[in-house]
Amino acid sequence: MKQILSCYSGIMDVIEKILRCLIGIAMAVMVAVIFYQVVLRYVFNNSNIWSEELARYLMCYVVLFGAAIAIRKGSHLQVDFLINMLPERARSLAVIACTIAGDAFLVFFFIHGISLVQGTFKSISSGTGIPMAYAYMCLPIGAVLMVMASIEVILKEADSFIESGKEKKR
């Protein structure tokens, strides 16, 4: 179990580094585009339609990529009070059960995200001129990344459950 967890965590480390880089780039582009839009609107009394749209689409990607990292780090909102009251083995089982329930939602999220992407390839964004499918693609991509992060959480909790069982036998 430890070897599988170690290998999977290594893969997730690489994915997280890539995600952090993409988030940084997207945030920098969003700041530049919004700054450009503000200057254009308030200094030159003019505006464009693509900048707000681009910032909105980038924000969706940033949120979903960040959510995957948050799942991996255990940073999502949760009721720790109840979970921390449980013994170690029961806590591991509760976290595994909650993570699996979250994954069930993410599978639903993925399926409907794919159908949304498929249905919007012919719809063109009025501001940026790109197919809306590229904007909606953040949904299935984010769902897959969050499920991958959840799998690591489940593996870690299963390992903790097994280890705590070994300690009880001693």
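Helix α2 covers residues 50–73, and its 24 residues should span 34 Å at 1.5 Å a residue; the C-alpha atoms at its ends are 34 Å apart, which agrees. The expected span used here is 1.5 Å times one less than the number of residues in the helix. Helices are DSSP runs (H or I, at least four residues), numbered from the N terminus.

A word on what you are looking at: this is a predicted model, in which local features need pLDDT of at least 70 and side-chain atom pairs count only at pLDDT 80 or more, while totals for chains, interfaces and linings use all residues. Residues are numbered from 1 along each chain as its sequence is written, and side-chain values use heavy atoms, with hydrogens and water left out.

Within α2 you will find R72. The side chain of R72 makes a polar contact with the side chain of E16, at 2.3 Å. Such a contact is a pair of N or O atoms within 3.5 Å; within protein, one must be able to donate a hydrogen and the other to accept it, and residues adjacent in sequence count only if both atoms are side-chain atoms.

Now look at α2 beside helix α1 (residues 2–42). Their axes come within 9 Å and cross at roughly 155°. α1 and α2 are therefore roughly antiparallel, a term for angles over 145 degrees. The residues of this contact divide into 20 nonpolar, 4 polar and 5 charged. Here Ala, Val, Leu, Ile, Met, Phe, Trp, Tyr, Cys and Pro count as nonpolar, Asp, Glu, Lys and Arg as charged, and the others, Gly among them, as polar.

The loop between α1 and α2 holds N45. Phi of N45 is near 55°, a positive value in a residue other than glycine. Most residues other than glycine have a negative phi.

Further along is helix α4 (residues 88–119), whose 32 residues reach 46 Å from first C-alpha to last, close to the 46 Å expected at 1.5 Å a residue. Its buried residues include S92, V95, D103 and L106. Q118 also lies in α4; Q118 and M137 are 19 residues apart in sequence and 9.4 Å apart in space, C-alpha to C-alpha.

The table compares accessibility, where buried means under 20% relative accessible area and exposed over 50% (1.4 Å probe, protein chains only).

| Residue | Relative accessibility | Class |
|---|---|---|
| R72 | 11% | buried |
| N45 | 72% | exposed |
| Q118 | 59% | exposed |

Key: Helix = DSSP H or I, 4+ residues; strand = E, 2+ residues; numbered from the N terminus. Axes fitted to C-alpha atoms, helices over the stretch in contact; angles between N-to-C directions. Parallel < 35°, antiparallel > 145°, perpendicular 65-115°, else oblique.
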